[in-house]
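Here is a set of questions and answers on how labels follow from computed values. Each answer sets a value against its cut-off and draws the conclusion.

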Amino acid sequence: MFPRLNLCARDNIEANKNLFVEHLNGLLLQFSNYFGDLDFTKFAWIQNPFIDEEDDEFGLTSIEKEKLIELSCDTTLKHKFQTVSLVQFWLNLHTEYNTLSNKALKVLLLLATSYLCKTGFSALAAMKSKYRARLVVEKELRVAISSQTPRFDQLCANRQAHPSH
């Protein structure tokens, strides 16, 4: 899955192993600072609604527990769960299992919304400076946080480098 990482890891296994472990420990520390003492075990039903664990630890109401049991017994949904992404799975269940879907999507979108906010702030801080304080950056900021990659070849082909007089 990660060909460059695989090549790098094969060259110097022990030194790279220590580097990876150190990096992952740093990520773990950052996540614990960011999320605090949040108990992720109560969100295990979101990651896999077909697990066979006690429902008491999930923090769901009795109606939500019944819906989760009903969902976990549906074999067609189990097949769909294995073929689509996690977010797409919960989006597809919005009509039939509205409360469970809304709860799951709120948790799943927590990371995405904070990521875009931080990305936007970093892009804004890079664009604005003491010398460019009056710069209007709405369009530039939209491009900076977009997930679309520009097609520079097509954009350049539509422009003439030196217009003739």
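## Labels and their grounds

In the protein chain, residues 24 or more positions apart account for 40% of the contacts with a separation of 6 or more. The model is a predicted one. Its secondary structure comes to nine helices and zero strands, and buried residues make up 16% of the 165 residues.

Q: How do you know in what order the elements run from the N terminus?
A: Helices are numbered from the N terminus, and the elements of the protein chain run α-α-α-α-α-α-α-α-α.

Q: What makes the Glu64 and Lys103 side chains a salt bridge?
A: The N to O distance is 2.9 Å. The cut-off is 4 Å between a side-chain nitrogen of Lys or Arg and a carboxyl oxygen of Asp or Glu, so the pair qualifies. The count by this rule comes to one salt bridge. The pair links distant parts of the chain, with Glu64 in helix α4 (residues 62–72) and Lys103 in helix α7 (residues 98–127), 39 residues apart. Side chains of opposite charge can pair when their charged atoms come close.

Q: Why is the link between the side chains of Glu64 and Lys103 also called a polar contact?
A: The contact joining the two side chains is 2.9 Å. The limit for a pair of N or O atoms is 3.5 Å, so the value falls within it.

Q: Is Glu64 called buried or exposed, and why?
A: Glu64 has a relative accessible area of 10%. Buried means under 20%, so Glu64 counts as buried.

Q: Why is Lys103 not given the label buried or exposed?
A: Its relative accessibility is 30%. Buried needs under 20% and exposed needs over 50%, so Lys103 counts as partly exposed.

Q: Which residues is Glu64 in contact with, leaving aside neighbours within four places in sequence?
A: Glu64 is in contact with Thr99, Leu100 and Lys103. The criterion is heavy atoms within 4.5 Å.

Q: What makes one side of α4 the buried side?
A: In α4, Glu64, Leu68 and Leu71 are buried. They cover an arc of only 60° around the axis, which puts them on the same side of α4. On the other side, Ser62, Ile63 and Glu66 are exposed. An α-helix has 3.6 residues a turn, so residues three or four places apart point the same way.

Q: What label does Lys65 get, and why?
A: Lys65 is found in helix α4. Its relative accessible area is 21%, and the buried label needs a value under 20%, so Lys65 is partly exposed. Lys65 and Leu100 are 35 residues apart in sequence and 9.1 Å apart in space, C-alpha to C-alpha.

Q: Why is Leu60 called buried?
A: Leu60 has 8% relative accessibility, which is under 20%, so the label is buried. Leu60 lies in the loop between α3 and α4. Not counting residues up to four places away in sequence, Leu60 touches Trp45, Lys65, Leu68, Leu100 and Lys103.

Q: Which members of the largest nonpolar core touch the most other members?
A: Of its 16 residues, these are Trp45, Leu71, Leu77, Phe89, Trp90, Leu93 and Leu100. Helices α3 (44–47), α4, α5 (75–83), α6 (86–92) and α7 each supply at least two residues of this core, and α7 gives the most, with three residues. In soluble globular proteins, nonpolar side chains tend to be buried together.

Q: What does Leu100 contact, leaving aside neighbours within four places in sequence?
A: Leu100 is in contact with Trp45, Leu60, Glu64, Lys67, Leu68 and Trp90.

Q: How do you know whether Ser101 is buried or exposed?
A: Ser101 has a relative accessible area of 0%, and the cut-off for buried is under 20%, so Ser101 is buried. Ser101 is found in helix α7. Leaving aside neighbours within four places in sequence, Ser101 is in contact with Trp90, Leu93 and His94.

Q: How many disulfides does the rule give?
A: The count comes to zero disulfides. The rule asks for a pair of cysteine sulfur atoms within 2.5 Å.

Q: Why are Cys73 and Cys156 called exposed?
A: Cys73 has 59% relative accessibility, and exposed means over 50%, so the label applies. Cys156, at 56%, counts as exposed because this value is also over 50%.

Methods: Residues are numbered from 1 along each chain as its sequence is written. This is a predicted model: local features need pLDDT of at least 70, side-chain atom pairs count only at pLDDT 80 or more; totals for chains, interfaces and linings use all residues. Side-chain values use heavy atoms; hydrogens and water are left out. Buried means under 20% relative accessible area, exposed over 50%, partly exposed in between (1.4 Å probe, protein chains only). Helices (H or I, at least four residues) and strands (E, at least two) are DSSP runs, numbered from the N terminus. A polar contact is a pair of N or O atoms within 3.5 Å; within protein, one must be able to donate a hydrogen and the other to accept it, and residues adjacent in sequence count only if both atoms are side-chain atoms. A nonpolar core is a set of buried Ala, Val, Leu, Ile, Met, Phe, Trp, Tyr and Cys residues joined through side-chain atoms within 4.5 Å. The arc is that of the directions from the helix axis to the C-beta atoms.
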